[in-house]
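User: I would like to go through the terms used for this model one at a time. Please set each value against its cut-off.

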Amino acid sequence: MSFHRFAGRLWDRDVPLSALIELTHRCNLQCPFCCSQPGEDPAGTPLGRARLLRLLEELRALQTLFLTLSGGEPLLHPDLWAVGRRARELEFAVRLKTNGHALDEEVARRVHEEIAPFAVEISLHGATAATHDRHTGVPGSFERLRHHLDVAQRMGLRTTLLALVTRHNEDELDAMRALARGRALPLVLDPVVTPRHDGDPTPRDWAPTARGRARLRALLSGGDAPAPDSDEGARRRFCGAGASTLAVDPYGVVSPCVQWRTPVGDLHEQDLESIWRGPPMEEIRRLSEQARRDREARPGTALGWEDCPGIEHLDGHHVGCAGHGACEEREIEVE
Amino acid sequence: MIEPGMVLRRRDRVVYRVIDDEALVLRMDDAECLGLDEVGAAVLDRVDGRRPVSGIVDQLALIYDVERAQLERDVCAFLQELVDAGVLQPAAGGG
């Protein structure tokens, strides 16, 4: 049985195969299109180490396999190592989602030896220093990234490049692919520049143009899209958000997906299983079923490229979704 | 060839979850996934690096209404498939 088929079936079985934990919203870059609010929320109480470690136990009990440690920049979080080591002990397939800026020799060695992640996913914002640095707001970040990619690859970290497609790098898609291929690294292209988590639409100013999106569609249809799934037609939900995935922000707020930020529970007050099986998450699943019915009422619509309920929740508009309804699965296939 | 006296263990960086009696197995080094049905999941879940294959068969015999010799042959064949698939390997000192 293929992974896509197995994971897709979980959409209807309410098993959180994938979870994403945003350890912090702090970051060492200044990307103006980032969906996270820069810095910590003074009104929020970050999850402490003990609660984070208990969260891992709760995820393990719910049969989560893929655990993404994200941010902000997760390498800035002091508990990354404790969380990563425990995640390894609990046999999660850990993905570390980082901008790579702090991934020097010593940090990469610790990641390799202590966390032993399934994958390290590193952001790439262009194929040239001018473009990449324009995106990060930090001069020299491209050269530093290239060096840190050398380090990660030499260390044997299984590395994937993630590129958010914007109107300022859409002309470098082919060059970014060439860069990735030159390093024998998979590249995941994401066309969805979302509003900030608080609804601030400013990042959308960086969204790719129609021409850029068309180019991306052409690239994906050229072989980078997930394989067709014979079970697809039998599914009743739009995607796995809240059904096979969940996300946790640094303050313990649980949502169905990192793109669908409707709060469904608070880990300061509830255990994860109660949240996962609680009425707010059930409502998310109902909405996901409704979104699927809505989409199926429009024959000819390309699967998964429209009507993500999460992004609709954020900005009230229909925009393209990179996920094909399977955001968490693509990195495995696009190699 | 898997023998009843052998002890097997999961290879390093192979992880899995049993979900609704089925198993999803991931080889992290090459991102290959394998789905196992209920019986396959029951076998894999009993491979612990200590228990011999015969012990796994003993446990499964309590669950499945199959003649023991046949069950042993089936389990050995399946475990060989998992070894060939890079999921399992003989445990050190376990035959």
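User: Why are α5(A) and α6(A) called roughly perpendicular to each other?

Analyst: This is a predicted model. In it, helix α5 (residues 129-136) of chain A and helix α6 (residues 141-155) of chain A pack at an angle of about 105 degrees. Angles of 65 to 115 degrees count as roughly perpendicular, and therefore α5(A) and α6(A) are described that way. Their axes are 8 Å apart.

User: Which residues make that contact?

Analyst: α5(A) contributes A:Ala129, A:His132, A:Asp133 and A:Thr136, while α6(A) contributes A:Ser141, A:Phe142, A:Glu143 and A:Leu145. Sorted by class, the contact of α5(A) with α6(A) has three nonpolar, three polar and two charged residues.

User: What makes A:Ala108, A:Val111 and A:Ile115 of helix α4 buried?

Analyst: A residue is buried if 20 or more other C-beta atoms lie within 10 Å of its own. A:Ala108, A:Val111 and A:Ile115, in helix α4 (residues 105-115) of chain A, are in that class.

User: How do you know that the buried residues of α4(A) line one face of the helix?

Analyst: Seen down the axis of α4(A), the buried residues fall within an arc of 85 degrees, so they line one face. An α-helix has 3.6 residues a turn, so residues three or four places apart point the same way.

User: How many residues of chain B are in contact with chain A, and what makes them count as being in contact?

Analyst: Ten residues of chain B are in contact with twelve residues of chain A, where contact requires C-beta atoms within 7 Å. On chain B, β2 (14-19), β3 (22-27) and β4 (32-36) each supply at least two residues of the side that touches chain A. β2(B) gives the most, with three residues. This side of chain B has seven nonpolar, one polar and two charged residues.

User: Where in chain B is confidence lowest, and where is it highest?

Analyst: The lowest mean in chain B is 91, in β4(B), and the highest is 98, in strand β1 (residues 8-10) of chain B. Chain B averages a pLDDT of 94, and 97% of its residues score at least 70. The model scores ipTM 0.92 and pTM 0.88.

Conventions. Residues numbered from 1 in each chain as written. Chains lettered and ligands numbered in written order. Predicted model: local features only at pLDDT ≥ 70, side-chain atom pairs only at ≥ 80, totals over all residues. Contact = placed C-beta atoms within 7 Å. Helix = DSSP H or I, 4+ residues; strand = E, 2+ residues; numbered from the N terminus. Nonpolar A, V, L, I, M, F, W, Y, C, P; charged D, E, K, R; others polar. pLDDT = per-residue confidence, 0-100. Axes fitted to C-alpha atoms, helices over the stretch in contact; angles between N-to-C directions. Parallel < 35°, antiparallel > 145°, perpendicular 65-115°, else oblique. Buried ≥ 20, exposed ≤ 12 C-beta atoms within 10 Å, placed from the backbone. Arc of directions from axis to C-beta.
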